[in-house]
Structure formats: structure tokens, C-alpha cells
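Visitor: I would like to learn how to read a structure like this one. Please take me through it feature by feature.

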Amino acid sequence: MRRRQLYAGISALLASGVIFVFPFVFILITAAKTRQDAAALTFSLPHEWQLWQNFIEVVQTRNYMLLLAYFNSTLITVVAVTLLVLFGAMVGYLLQRRPSHWNTVIYGAVLAGLMIPPAVVPTIWVLQSLGLFKTISGMILIQVAYGLSFTVLLFRSFIATIPRDLDEAAIIDGAKPLQIFFRVVLPLLKPVTVTVIVTQSIAIFNDFTNPLYYLPGRDNVTVQLTLYNFQGQFQTQFNLLFMNILLVTIPPLIVFVFFNRQIVAGMTAGAVKG
Amino acid sequence: MTSVVLEDVRKSFGSLDVIKGVDLTIDAGEFCVFVGPSGCGKSTLLRIISGLEQSTSGRLLIGDRDVTHAEPSQRGIAMVFQSYALYPHLTVAENIGFGLSLARRPKAEIAEKVKQTADILQLSHLLDRKPKALSGGQRQRVAIGRAIIRNPQVFLFDEPLSNLDASLRSQMRLELTELHAKLGATMIYVTHDQVEAMTMADKIVVLNGGKIEQVGSPMTLYNKPATPFVAGFIGSPKMNLFDGELAAKEGCRTYGIRPEHILLSETEGKWRGSVRHIERLGADTIVFLEVPQLPAIIVRTDGDRPISPGQTLFATPLQGKEQRFG
């Protein structure tokens, strides 16, 4: 039995190595190649290591567009995730703690947000009529809208594990509803808040399609869109493209590696009553 | 010191009437215990007094003030919960001072009052700990501290000792009684444990099915129970209660006699029966006597009395200790 477990473990490790590590190694070595070398797209070591030169070139391309993109993506991610945590926790708290007829409606809306696929063109019409199309604030609202349903469900199930006595003790102590939420409930939501911050910030930072639809143009470019700098209809600079991929992949990867444990804790915390 | 008056208080959840009209006066400085079986409405009544639940009708006065519709924090009450309800992310000091910090009192004043409260409850060395690093008894003391610091007119306790083990419970009973003597505040205490009710209360309110069965001092309820329910609820083991032919012979609808008020004899007595089961408690022995045509009679007798199962014994109720209802 033990031997079988060992073999199963080793083969699982090998499989995940092939699936997850090989592509990353491929990106890394291609990003270090010269332009001609990279064009062959082979899984081989570079004849000439050009990692630093490629890095400089990618950063400087189109008047330091990558740095602007980093700034924009970070801004969108930070603001959207802050709003998601705030609204997700508030709606989750209300759904869990205050039963009313409206809850069914709100719950229906939350589920609809998960099930109904987003329609791009009507969303653009709405954004245009509100004057939010092609703006960072419009993009932030889109990200909040897309992520809110999942966030509300996560918070709601977690809040169910916080004893109602705590709310009531705070009421007796003289706390107003907002004080109960911010001083008693929100601090206790830390595990699930970390989960939401990490999963949503990676999703928003890595988002390619939504900025492509709702944030066209060079002014408000986000990191994933900078990939188009090196990919054209007739020619693609694979070495620079892969260097760019490497640069936009690293920040979310670091976040994930560091918060990995908390994410799992937060995901399962609401599942079983402790 | 403040009195609490309930006037025809009723509470319904939908079509279910939980409190069916309660009139009660709790005098200033009194230790009043609400006691009754599960689902009798005692906790609901306490929550109505605290303001966490609104009564459907009736009036509630704390002192001279009508607080029927007042916010919980405006009623001058403090409450200790069964689960302690300590804020897990705050230290003991922050837990105790939470109410004052909500009221935006100066930090120095909060620290001073927290220190005084902690001294009363012997918590001074634990002020920097989080609740998860405390034992059950210490947590209970922090919960009481959180109540004391607000200097309330009325303390409300919702089964505060039911999560503690037996020895700690008896220690906390003593501490709470001493605290009541020290503070002199009006205290209302909910429990389903009649030992807590008997040992701590100045006044016991026995509730059953959303109504008051009887109000009185512990010994009044023990010696002169108004109804068979009270007779059966107060006292352990519970009073032997008989309906039917035996009661009719005694000239009442229900006849009752406490286990400690029955004499056992090997030779003669009122009821002849055989011993079905014996519980040796050390100081006492509880005997379950099987008597023909009657339910089993429970008798409390001396701890070292030699009795064995199957033995034939005679039981005789003590004159003057019998209870006749209806």
C-alpha cells in the first residue's frame, strides 16, 4: 500500500511538472533568446543569452508603455478588489443576518450574476451612455460587477459561522449597525477576505478580454494588452513577447505562492461549522 | 438600584404564542431567577427585557421609565450570554472596554475603568490575552466584566453557567452571589437548572408554556408549590405526584410527596412495594419502589442504609409534608 502511494505520488508530481513547470520553463528560455533563435519556437537552450537586453527592450517599447500598463492594472485591481470586499461583505452580511422578502430577490440577482453570461455589446452601450466607456473607472465597475456574485456567496457562507450572539452583545454594548459591521463582523472575516483579495486580484490583474472590449486604445492600456506590442499580423517577436508574458505573470504568481494557504483556509472555512 | 416591571407582556412569532401575558414586578436590588423547562419562554422573556426582541403587546418599565420601545443600549441593562459572546479578535481589556470605546470615552478613562473592573473579577493578569487563550471560567468572568463596566441598572444573565463543568459551575454560583451582594444591582437570571435557581435567587419565577406558574422565594416554592408543575420542577429528585384513585382518596386531584419526606420501614407502612432500582449518591440513597396499582415511588434515604433490589419495603409519607392540589 505504501509503495503504491509512493508511485502514485511520484507520477502525480511528474504529471503536474509536465503540465505546469514545462510551459513556464519554455517561456523563460524563449524570453532569453535572440529574435532569430526564438522564431524557431523550439524547446532548447538559447545560443546566446539575452535576458537583460530583452527585458530593457520590452520595458522601453512604445515610450515605456509597460510601466503605464502596470500602473493602470494595479489601480484597477486595488480599487476593484477594495470595492468587492466592502460590498461583498456587506451584502453577504445582510443576506445572512436580516431575513426579509427582499433577500429572495437579492439572492436571485446574485445567482443570475453567476449564471447569465455577460453580453459585451449592450454593456458597451450602457457604458457609453454613462460616459464611462474607455475609462479606468468604467473598467473598475465592470470588474466589480463581474466578481460580486462569487464574492457575496463566499462572504455569506462564512458569516453564517460567526455566532449571532456577537452581534447582539455589540447591540447591548451600544453599537450602531455600521459599527457592528465594521468593528465586530468585518475583522472576523479575515480568512475569507484574504481569499477574496488573492483570487480576485489575480483574476482582475490577469484579465485580458474585458480590458480588450471595454478599454480600447493606448491611453488606458493594461498589462495583458501590452502583449499585442510584439504580436502582429505578419510578424511576431517571440523573444520579446515571451519576456512580456514573463513580466506580467510574475506578480500574480508571487501573490499566489505567499497566500496559497490562506486561500484554501478561507474557501473551506464556511463549509463546515467549527 | 432599579426595579423592573412587566405588564401583560405578550410575544408571538407568527401564529405561535410564545409569551402569553406575563405580569411581574422585580424589586430593586433583587436577584430574580426565571426557571422552567426548554421552550417555556424564559429566554424570550429575558430578550424582551433586554430589547433584543420586541414584545407583541404589553409594557415594560425599568425604574420609572417606560422602555417598551427603547433601544437596548438606552435601557440601562447589560447582558451576559450563554456562549459568553466575547469578541475573538479583541484582547480581554478591549472586550471589557468595548462599550466605552463605542461611546467614544477618553482612552485614559477606559483604561482606568477596565483596570477597576478587572480587579473586581481577578482578571488583571489576563488583560492582554485574546479570548481563545482563556479557560471557560475566565471567559465567563470577562463576559461579566463587560457587563459590570457599563454600570448598568439591571444585569441580565442568559444561562451563563451551562457551558461550564460541574465544579466550576458551583464556584461561579458562589462568585455571582457574592458579586450581587457587592454591587447590589438588580439581576435577572435565566436557567433551566433548578439547583442554580434555588441556591442563588431571592425570587424564583417558574415559567411553563409562556405563562408564569408561580413566583416566590426558593423555600416558598419548595414548601408551598402552587401547582403540580411547580411541585415537580422544584426539588431533586422530583416530587412523587399521583392522580386518580389515590388522589381521590386523599381528597384532591393531585397528591404529592417529596422523596425526602417518605419514611421507609421493613415491617409496616402505608404502601408496600418491592425495590426496583437503587442509586447510591454517597450522603443519600435514592430508592425506586414498585408499588402495585401506583407509579414507581422515589424515596430519598440515608446513604449507608443496607437495601438491595427486590427487597420488600413499606413507605409512609411524613404527616404535614404532603401536598394536595385541586
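## Reading the two chains

Guide: Start with the rings. A search of the whole structure, which is a predicted model, finds 17 aromatic pairs over all chains.

Visitor: Show me one. How far apart are the ring centres of Tyr70(A) and Phe205(A), and at what angle are their planes?

Guide: The centres are 6.2 Å apart and the planes stand at 40°, so this pair is tilted. A pair counts as stacked under 30 degrees and as edge-to-face over 60.

Visitor: Which helices hold Tyr70(A) and Phe205(A)?

Guide: Tyr70(A) sits in helix H3 of chain A and Phe205(A) in helix H9 of chain A. The pair therefore ties together parts that are 135 residues apart in sequence.

Visitor: How do helix H3 and helix H9 of chain A pack?

Guide: Look at the angle and the axis distance. H3 (residues 51–97) and H9 (residues 190–205) of chain A pack at about 145°, with axes 9 Å apart. The crossing of H3(A) past H9(A) is right-handed.

Visitor: Which residues of H3(A) and H9(A) meet?

Guide: On H3(A), they are Tyr70(A), Ser73(A), Thr74(A), Ile76(A), Thr77(A), Ala80(A), Val81(A), Leu84(A) and Val85(A). On H9(A), they are Thr193(A), Val196(A), Ile197(A), Gln200(A), Ser201(A), Ile204(A) and Phe205(A). By type, the contact of H3(A) with H9(A) has ten nonpolar, six polar and no charged residues.

Visitor: Give me another helix pair. At what angle do H4 and H6 of chain A pack?

Guide: H4 (residues 101–115) and H6 (residues 136–159) of chain A pack at about 125°, and their axes are 8 Å apart. H4(A) and H6(A) are therefore oblique to each other. H4(A) brings Tyr107(A), Val110(A), Leu111(A), Gly113(A) and Leu114(A) to the contact. H6(A) brings Ser149(A), Phe150(A), Val152(A), Leu153(A) and Arg156(A). The contact of H4(A) with H6(A) divides into seven nonpolar, two polar and one charged.

Visitor: How many helices and strands does chain A have?

Guide: Chain A has eleven helices and zero strands. Its C-alpha atoms fill a box of roughly 75 × 65 × 30 Å along the principal axes.

Visitor: Now chain B. How do strands of a sheet pair?

Guide: They pair through backbone hydrogen bonds, either parallel or antiparallel. One case in chain B is an open sheet of four strands, in the order S2-S1-S4-S5, with antiparallel pairing.

Visitor: Which strands stand at the edges of that sheet?

Guide: Strands S2 (16–26) and S5 (65–66) of chain B do. Each has a single partner strand, so one side of each is left without a neighbour in the sheet.

Visitor: How many bridges join S1(B) to S4(B)?

Guide: Five, and the strands run antiparallel. Val5(B) stands opposite Leu61(B) in S4(B). Leu61(B) also has a bridge partner in S5(B), namely Asp66(B).

Visitor: What joins S4(B) to S5(B)?

Guide: Two bridges join S4 (residues 57–62) of chain B to S5(B), again antiparallel. Ile62(B) has Arg65(B) of S5(B) as its bridge partner. The hairpin of S4(B) and S5(B) has two residues between the strands, and Gly63(B) takes a positive phi near 70° there.

Visitor: Which strands does helix H1 of chain B lie across?

Guide: H1 (residues 42–50) of chain B lies across S1 (4–13), S2 and S4 of chain B. H1(B) runs at about 115° to S1(B).

Visitor: In which sense do S6(B) and S7(B) pair?

Guide: S6(B) and S7 (residues 154–158) of chain B pair in the parallel sense, over four bridges. Ile77(B) has Val154(B) of S7(B) as its bridge partner.

Visitor: And how many bridges join S9(B) to S10(B)?

Guide: Five bridges join S9 (residues 203–208) of chain B to S10(B), and these strands run antiparallel. Leu207(B) has Ile212(B) of S10(B) as its bridge partner. In the hairpin of S9(B) and S10(B), with two residues between the strands, Gly209(B) takes a positive phi near 55°.

Notes. Residues are numbered from 1 along each chain as its sequence is written. Chains are lettered from A and ligands numbered from 1 in the order in which they are written. This is a predicted model: local features need pLDDT of at least 70, side-chain atom pairs count only at pLDDT 80 or more; totals for chains, interfaces and linings use all residues. Side-chain values use heavy atoms; hydrogens and water are left out. Axes are lines fitted to C-alpha atoms, for helices over the stretch in contact, and angles run from 0 to 180 degrees between N-to-C directions. Angles under 35 degrees count as roughly parallel, over 145 as roughly antiparallel, 65 to 115 as roughly perpendicular and the rest as oblique. Contact means heavy atoms within 4.5 Å. Ala, Val, Leu, Ile, Met, Phe, Trp, Tyr, Cys and Pro count as nonpolar, Asp, Glu, Lys and Arg as charged, and the others, Gly among them, as polar. A crossing is left-handed if the near helix is turned anticlockwise from the far one by less than a right angle, and right-handed if clockwise. Two strands pair if DSSP finds at least two bridges between them. Rings of Phe, Tyr and Trp (its six-membered ring) pair if their centres lie within 6.5 Å; planes under 30 degrees apart count as stacked, over 60 as edge-to-face and the rest as tilted.
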